[in-house]
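Me: Hi! I've got a protein chain open on my screen and would like to talk it through with you.

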Amino acid sequence: DELLNGDVVQTTVAVPADATLLAVQILLSNYGRNNSGFLDIKLHDSNGKHLGRRQLLNTEVEDDSFFTVPLTAPAKPERLTITLRAYASTPGDAISVMLNPNTQQDYQRNDKSQQGALCLNLLLEGWRLHSETFCR
């Protein structure tokens, strides 16, 4: 799903009970292009508390690569909201967030519900890797 200037994609996921969240990895792609613009990725808990942020230049994105957004401090949220906002990108010159359409989950794109799930991993303390969403 190509992220154009002003697009906002948001999803909320459950974090395993009693798990300490350290970071989130999001699967992005450039489809072999050197794209302009940047993404602002923010993490919040269900109470709106800021947990982490990363600004990513679109030129940093390679094909089908996970990008890590670290938390400012380890946290134990029950639910995590991930928000991606695109800036200064145009059709054919933007990165794409990778989605799994074969799921019952929904995500928000520009305040409209869409079927599918962002391909992401939750990095949890004491766990090697917990995949919230399987992409293949």
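**Chatting through the fold**

Reply: Happy to start with contacts, meaning heavy atoms within 4.5 Å. Among contacts in the protein chain between residues at least 6 apart in sequence, 72% join residues at least 24 apart.

Me: Before we go on, what kind of model is this?
Reply: This is a predicted model, where local features need pLDDT of at least 70 and side-chain atom pairs count only at pLDDT 80 or more, while totals for chains, interfaces and linings use all residues. Residues are numbered from 1 along each chain as its sequence is written, and side-chain values use heavy atoms, with hydrogens and water left out.

Me: How many helices and strands are in the protein chain?
Reply: The protein chain has zero helices and twelve strands. Helices (H or I, at least four residues) and strands (E, at least two) are DSSP runs, numbered from the N terminus.

Me: And how much of the protein chain counts as buried?
Reply: Of its 136 residues, 46% count as buried. Buried means under 20% relative accessible area, exposed means over 50%, and partly exposed is in between (1.4 Å probe, protein chains only).

Me: Let's look at a hairpin. How do β3 and β4 run?
Reply: Strand β3 (residues 38-45) and strand β4 (residues 50-57) run antiparallel, joined by seven bridges. Two strands pair if DSSP finds at least two bridges between them. Isoleucine 41 has arginine 54 in β4 as its bridge partner. The hairpin has four residues between the strands, and glycine 48 there takes a positive phi near 85°.

Me: Which residue other than glycine has a positive phi?
Reply: Tyrosine 31 is one of them, with phi near 50°. Tyrosine 31 sits in the loop between β2 and β3 and is partly exposed, at a relative accessible area of 48%. Aspartate 64 is another case, with phi near 45°. Aspartate 64 lies in the loop between β4 and β5 (65-75) and is partly exposed too, at 46%.

Me: What does β9 pair with?
Reply: β1 is one partner, antiparallel over two bridges, with valine 9 bridging to arginine 109 in β9. Strand β10 (residues 112-115) is joined to β9 by four bridges, and the two run antiparallel. Aspartate 106 stands opposite glutamine 115 in β10. β9 and β10 form a hairpin with two residues between them, and asparagine 110 in the turn has a positive phi of about 50°.

Me: Where is aspartate 7?
Reply: Aspartate 7 is in the segment before β1, and it counts as buried at 10% relative accessibility. Not counting residues up to four places away in sequence, aspartate 7 touches Glu2, Leu84, Arg85, Ala86, Arg109 and Asn110.

Me: Last one: is alanine 17 buried or exposed?
Reply: Alanine 17 is exposed, with a relative accessible area of 69%. Alanine 17 is found in the loop between β1 (8-14) and β2 (21-29). Alanine 17 and arginine 85 are 68 residues apart in sequence and 28 Å apart in space, C-alpha to C-alpha.
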